[in-house]
Amino acid sequence: ARAASAGTFITLAADVAAMSPGTTIGAAHPVSLVGKQDETMNQKVVNDSAAYIRSLAERRGRNADWAEKAVRESVSLTEKEALEEGVIDLVASDIDDLLRSVEGWEIKGDGGVTLKTEGERLVPFPMDFRRRFLDTLGDPNIAYLLLMLGMLGIFFEFSNPGAIYPGVIGSIAIILALYSLQTLPVNYAGLLLMVVAIALFIAETQVTSFGLLSLAGVVALFIGSMMLFRSPEPWLRTSLKVVAPTVAFTAIFFIVILQRVVSTYRRRPTTGLEGIIGEIGEAMEDLAPSGKIFVRGEIWEARKVGEGEVRKDDRVRVTAASGLRLTVKKEPEEGG
């Protein structure tokens with residue numbers, strides 16, 4: 001669809017330069033992938049690139065003045081304008097049209113070559129599985145999703161030691177994400193914000209902040225996700241269409257976990273010594289103030305507190321437990 005940036009250099013360096021209808025060429029101003037450069041360094045890079053593309057165009061007999069402007073001013077041309085300006089050699093609608101057009105074309109340099117393309121068989125050379133896989137990992141959106149999956153997997157493993165699968169999947173995802181990040185312009189401030197966001201979500205499960213930590217985590221995660229890759233080129237940044245649902249899913253995931261943790265924490269124990277508190281029992285003898293009661297299928301030593309006498313067969317409610325002794329108070333009669 002276009003030959004921009006490095007594509008302009010490659011096209012101008014080719015022995016035969018052809019474009020299809022509806023395509024463009026140009027916009028070859030150098031762009032740094034490692035952050036903003038100072039003015040002196042930026043000028044050096046621009047001058048070097050301009051001289052290099054000019055030498056390529058002159059060697060192939062193409063418009064060197066326009067080539068330099070493509071670097072210094074980021075100008076672009078359509079296929080018709082490029083042909084008129086002498087930037088390319090021809091316009092072809094498809095590969096077959098191109099092969100017909102270059103039949104008998106004489107290539108100068110290195111002793112000279114005459115192209116013979118009529119009747120030749122086309123042999124495609126697509127990327128093999130390994131290169132397609134590595135190319136996919138180089139996508140910033142894939143790298144971002146792997147990073148999030150790895151963080152969630154590690155969080156699961158620490159939350160549920162021995163679960164195994166979350167830790168294994170998370171570790172593999174983190175390693176693949178690190179491989180992807182080494183080929184991309186990573187902003188470490190954005191990466192740190194994402195780590196802080198996960199830490200805030202975890203802290204919310206331990207500290208009652210009424211959702212403030214979760215809200216801060218969502219904000220930090222969103223900002224960190226948008227800042228993760230620093231590049232003016234859209235294909236080297238995470239897409240909002242990927243970031244928004246990922247942040248929403250992560251936030252909902254942690255909020256649901258938080259609600260379950262809080263509800264479990266507030267739920268009255270139903271087992272053990274704490275679980276007997278609040279149960280209704282029956283006095284097996286007068287409590288004056290101590291005696292035996294029958295509660296939850298067992299006989300306990302109990303001590304009465306509060307007003308009112310507790311006689312044999314009276315109903316009592318357990319209010320506390322210490323060791324093997326319970327503290328009870330008289331339970332009012334039903335309907336009384």
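Predicted model: local features only at pLDDT ≥ 70, side-chain atom pairs only at ≥ 80, totals over all residues.
**Entry 1**

Residues are numbered from 1 along each chain as its sequence is written, and side-chain values use heavy atoms, with hydrogens and water left out.

Arginine 54 forms a salt bridge with aspartate 65, and their closest N and O atoms are 2.8 Å apart. Arginine 54 belongs to helix α2 and aspartate 65 to helix α3, so the pair ties together parts that are 11 residues apart in sequence. I counted as a salt bridge a side-chain nitrogen of Lys or Arg within 4 Å of a carboxyl oxygen of Asp or Glu. Aspartate 65 is partly exposed as well, with a relative accessible area of 48%.

**Entry 1: Other salt bridges**

By this rule I found a count of 13 salt bridges. One of them joins arginine 311 and aspartate 286 at 3.6 Å, N to O. Arginine 311 sits in the loop between β10 (298-304) and β11 (315-322), and aspartate 286 in the loop between β8 (280-283) and β9 (290-295), so this pair ties together parts that are 25 residues apart in sequence. I then noted that shared partners join Arg54, Glu58, Asp65, Glu68 and Arg72 into one network of salt bridges.

In helix α3 (residues 64-72), I listed Ala64, Trp66, Ala67, Ala70 and Val71 as the buried residues. Down the axis of α3 they fall within an arc of 160 degrees, so they line one face of the helix. The arc is that of the directions from the helix axis to the C-beta atoms. These buried residues pack against α1 (6-13), β3 (24-26), α2 (39-59) and β4 (76-78), where contact means heavy atoms within 4.5 Å.

For α1, the buried residues are Thr8, Phe9, Thr11 and Leu12. They cover an arc of only 165 degrees around the axis, which puts them on the same side of α1. I found them packed against β1 (2-4), β3, α2 and α3.

**Entry 2: Nonpolar cores**

I took a nonpolar core to be a set of buried Ala, Val, Leu, Ile, Met, Phe, Trp, Tyr and Cys residues joined through side-chain atoms within 4.5 Å. The largest has 29 residues, of which Tyr144, Leu147, Met194, Leu221, Leu228, Phe229 and Phe254 touch the most other members. Helix α7 gives the most to this core, with eight residues. Leaving out residues up to four places away in sequence, I found phenylalanine 254 touching Leu152, Phe155, Ile198 and Phe201. A second, separate core of 21 residues includes Ala17, Ala57, Trp66 and Ala82.

**Entry 3: Leucine 240**

I placed leucine 240 in helix α11 (residues 240-266). At 48% relative accessibility, leucine 240 counts as partly exposed.

Notes. Helix = DSSP H or I, 4+ residues; strand = E, 2+ residues; numbered from the N terminus. Buried < 20%, exposed > 50% of the residue type's maximum accessible area, 1.4 Å probe, protein only.
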